[in-house]
Amino acid sequence: MRLGKSAHNRRGGGNGHQDGQLDLFKWEAPNHETFDAIRPPGREALAAILPEIGEGTGGGGPTAGDALAGRSENGRGIGLVVSAFHTERIDAATSARPGLGDGARALYLSAAGELAAADIAEPQPVLNQSNYRITEADRLGAGSLKRKCRDNLAAIELLKCLEDEGRAPTDDEKRLLVRYVGWGGLPQVFDRWNEAWTAERQRLEQLLTEEELESARATTLNAHYTCPLIIRAIYAMLARLGFESGRILEPACGLGHFIGLMPDDMHGRSRITAIEIDSITTRLARLLYPDADIRHQPFEEARLADGFFDVAVGNIPFGDYKPYDPQLKQWNFLVHDYFFAKTLAKVRAGGLILFITSRGTLDKMDGTLREYVAQQADLLGAIRLPNIAF
């Protein structure tokens with residue numbers, strides 16, 4: 001296992017997390033002949049390293065307990081983990097399983113560890129032309145909490161109007177819809193004892209059905225806005241790893257900012273599948289990105305082919321609850337660990353997984369997930385984000 005260069009963990013105020021952000025992606029291609037330790041000796045929890053290709057590192061069963069479930073000093077310790085899935089070694093362009101990409105545009109990992117592009121037989125039609133493209137003019141996430149709440153209410157009101165009229169939104173209406181930020185940063189709207197938010201709460205209750213309101217209230221646990229800087233940085237990493245286009249999975253898409261901010265060339269040549277658990281958020285995302293396959297369901301209920309996707313990206317949920325999935329029930333994973341484990345099965349050999357997750361993924365004493373991942377994937381890098389990132 002070879003780690004890429006990573007930034008020091010920076011904490012504090014201001015915009016420090018922006019300084020040198022893209023320097024995090026100056027890395028060297030992994031050498032699969034040697035593996036470096038993730039941390040210095042003495043940290044047993046992170047000692048799961050592949051000694052030989054195909055060999056596992058840990059026990060065959062789950063480990064009880066979760067000593068650290070992803071909490072930092074301010075309650076949100078966030079890290080970016082980048083994993084490359086492998087169950088078979090990709091050696092050359094003649095391999096039966098390609099390296100990165102899809103179809104005629106596939107990229108192959110040579111024996112020297114370098115990427116070579118396959119010849120393109122013929123031009124391919126541009127995909128996803130009806131999807132919204134986010135720009136700086138959209139000013140995502142800007143404004144006070146009250147302003148964000150008003151933007152949410154305006155987006156929901158427009159959604160209901162569009163559904164009643166049975167039509168697609170105009171360009172101006174899409175610019176209003178894309179400012180929906182969800183309720184992860186606005187739990188006070190649902191607090192009946194908070195008089196400062198009475199007007200907003202009453203308006204929300206008028207707009208939503210009881211079922212929609214309950215679903216929206218549940219999203220306050222993990223529906224957190226992801227800023228464009230971080231999303232663009234993830235795509236910068238993906239480009240440096242050699243991915244150009246293919247089948248892309250986002251298992252917790254929210255409003256779909258990872259779709260709206262996807263680089264144009266990648267967006268125009270990729271098939272996008274996204275999963276979202278909240279009804280209102282899913283319906284908004286479908287209006288913005290009609291050419292993507294956006295499904296309203298929990299990830300544990302999604303019917304997706306194993307080994308199908310080239311890349312998985314996203315800001316996955318985390319918390320102290322455990323999704324029920326008969327295929328993974330023996331592991332008893334917490335939700336953020338579960339998203340890694342299920343996604344590993346859906347991404348093909350040679351594919352890539354780039355997730356924003358809690359710091360518990362790498363820091364907690366229970367190493368079950370790390371052992372599970374190490375048996376199936378190479379860790380290419382992990383980047384610490386500051387407490388103020390979200």
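Biologist: Where is the place of Asn 332?

Modeller: Asn 332 sits in the loop between strand E7 (309–315) and helix H9 (335–346), where helices (H or I, at least four residues) and strands (E, at least two) are DSSP runs numbered from the N terminus. This is a predicted model, in which local features need pLDDT of at least 70, side-chain atom pairs count only at pLDDT 80 or more, and totals for chains, interfaces and linings use all residues. Residues are numbered from 1 along each chain as its sequence is written, and side-chain values use heavy atoms, with hydrogens and water left out.

Biologist: Is Asn 332 buried, exposed or partly exposed?

Modeller: Buried means under 20% relative accessible area, exposed over 50%, and partly exposed in between (1.4 Å probe, protein chains only); Asn 332, with a relative accessible area of 47%, is partly exposed. Asn 332 also has a positive phi of about 55 degrees, although it is not a glycine.

Biologist: Which residues have the most contacts inside the largest nonpolar core?

Modeller: A nonpolar core is a set of buried Ala, Val, Leu, Ile, Met, Phe, Trp, Tyr and Cys residues joined through side-chain atoms within 4.5 Å. The largest one here has 59 residues, and those with the most contacts inside it are Trp 183, Leu 204 and Tyr 289. Helix H1 (145–165) gives the largest share of this core, 7 residues. A second, separate core of 25 residues includes Val 335, Tyr 338, Phe 339 and Ala 341.

Biologist: What does Trp 183 touch?

Modeller: With contact meaning heavy atoms within 4.5 Å, Trp 183 touches residues including Cys 149, Leu 153, Phe 190 and Leu 204, not counting residues up to four places away in sequence.
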